[in-house]
Amino acid sequence: MERILNPLVERIRAAAEHGTPLRIRGGGSKDFYGERLEGELLETAPLAGITSYEPTELVVTALAGTPLAQLEAALAERGQCLPFEPPHFGGGATVGGMVAAGLSGPARASAGAVRDYVLGLTMVNGRGELVTFGGQVMKNVAGYDVSRLVAGSLGTLGLIVEVSLKVLPVPPGQATLKFELSQEQALQRLNAWGGQPLPLNASCWLRDGGVDTLYLRLRGAVAAVEAACRSLGGERQDEARVAGDWSLCRDQQLPWFAERAARDLWRLSVPQTSPVLDLPEPPLVEWHGGQRWVRAEPGAAARLRQVAAQAGGHATLFAVAGERAHAGGSRFTPLAPALAHIHRELKRQFDPVGIFNRGRLYPEF
């Protein structure tokens, strides 16, 4: 790895010396996400490969440029998985990009987020120094919070080199149930089920072919899944067929997403117990009510952020319509002054000159 890493480190040191901005890029599958793309490309593709995998310890370590599909295939061979179901967005996704973006799939509300599975990582900071945080076991707390901090930082703190992740066995039992319910009914049911000892794993409510429909995925012990199916009712789906639908939901390739045409895609993160929100149209609801995707005409930022804030959450402009350039304003909810100060100080400590993914997370830093 040293032979591959040294040229990258030297380039980072030169960039820091001259104040040259660098844009870290894995497979480019998430180039649409976040603020502006600025700087010379710094590709992570050379940093590829699984460096350590201990199935009995439920830990895998991989270099940042490792294709996510390759890692998931290796885990699947041993009956294991990344429970948070990271999205691929059409291919090219890498392990480093997965951590840097911090995005999770349908099982997020039940299984946890990317950051919850990051045990440790190695990265190159803005001084060209190789630094390591965390380790390969859950008990190792030295720097553990720093490892989690990098998740979702969109590459603004440094170049991720290697990541150690906790993995889990694939649950032996799985089933998907379909219910015809209004959004209000679905939210009420999900809240009630959440207080019961049920193997809930993922949920998706949408207006499917003109019909208000809730899809509920159960995962866990076979006996627990079968008992839940009997008690919950609904229409049990063909698991071989519906598995592909959950993957399409994960990667935003369901027809609902494709039909947004000239509308922007917003993500509202709100408490799961939030009622039906005053939105331009019925959303696609995931995470047992905690994530609500909204298709909206350009210029809806103020209204959507107000709706999200009133519910105790926040709104993110996840993707703009078509090839239209983002017309100013932050894609992410602006930070409170105290929190913005913390972000600036973290950026300054990790990347003093500000060379990494400049303006990618927030326009001002």
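**View 1. Lining of the largest cavity.** The largest cavity is lined by 23 residues, and Ile24, Arg25, Gly26, Gly97 and Ala100 are those nearest its centre. This is a predicted model, in which local features need pLDDT of at least 70 and side-chain atom pairs count only at pLDDT 80 or more, while totals for chains, interfaces and linings use all residues. Residues are numbered from 1 along each chain as its sequence is written, and side-chain values use heavy atoms, with hydrogens and water left out. Strand E1 (22-25), H3 and E8 each give two or more residues to the lining of the largest cavity; helices (H or I, at least four residues) and strands (E, at least two) are DSSP runs, numbered from the N terminus. H3 provides the largest share of this lining, 4 residues. The space in the largest cavity is about 300 Å³, a volume being the space filled by probe spheres set on grid points that are joined across faces, edges and corners. The whole structure has 2 cavities of 30 Å³ or more. On a 1 Å grid over the protein atoms alone, a cavity is a set of points where a 1.4 Å probe fits but cannot get out, and a pocket is an open set with protein on both sides within 12 Å along at least five of seven lines; lining residues have an atom within 4 Å of a point.

View 2. Thr44 lies in the loop between strand E2 (40-43) and strand E3 (50-54). With a relative accessible area of 5%, Thr44 is buried (under 20% relative accessible area; exposed is over 50%, partly exposed in between; 1.4 Å probe, protein chains only). Leaving out residues up to four places away in sequence, Thr44 touches Ile24, Arg25, Gly26, Ala64, Gly65 and Leu159; contact means heavy atoms within 4.5 Å.

**View 3. The largest nonpolar core.** Leu82, Met98, Val99, Val163 and Leu165 touch the most other members of this core of 27 residues. At least two core residues come from each of strand E4 (59-63), helix H2 (68-77), helix H3 (95-101), strand E6 (118-124) and strand E8 (159-166). H3 gives the most, with 4 residues. A nonpolar core is a set of buried Ala, Val, Leu, Ile, Met, Phe, Trp, Tyr and Cys residues joined through side-chain atoms within 4.5 Å.

View 4. The whole structure contains 13 aromatic pairs. Phe84 and Tyr117 have ring centres 5.3 Å apart and planes at 45°, so this pair is tilted. Phe84 is buried at 0% relative accessible area, and Tyr117 is buried at 6%. For Phe133 and Phe350 the centres are 6.2 Å apart and the planes at 55°, so this pair is also tilted. Phe133 is in strand E7 (residues 130-134) and Phe350 in helix H11 (residues 337-350), 217 residues apart. Rings of Phe, Tyr and Trp (its six-membered ring) pair if their centres lie within 6.5 Å; planes under 30 degrees apart count as stacked, over 60 as edge-to-face and the rest as tilted.

**View 5. The largest pocket.** About 990 Å³ of space lies in this pocket. Its lining has 37 residues, with Gly102, Arg115, Ala151, Gly152 and Arg267 closest to the centre. H11 gives the most to the lining, with 4 residues.
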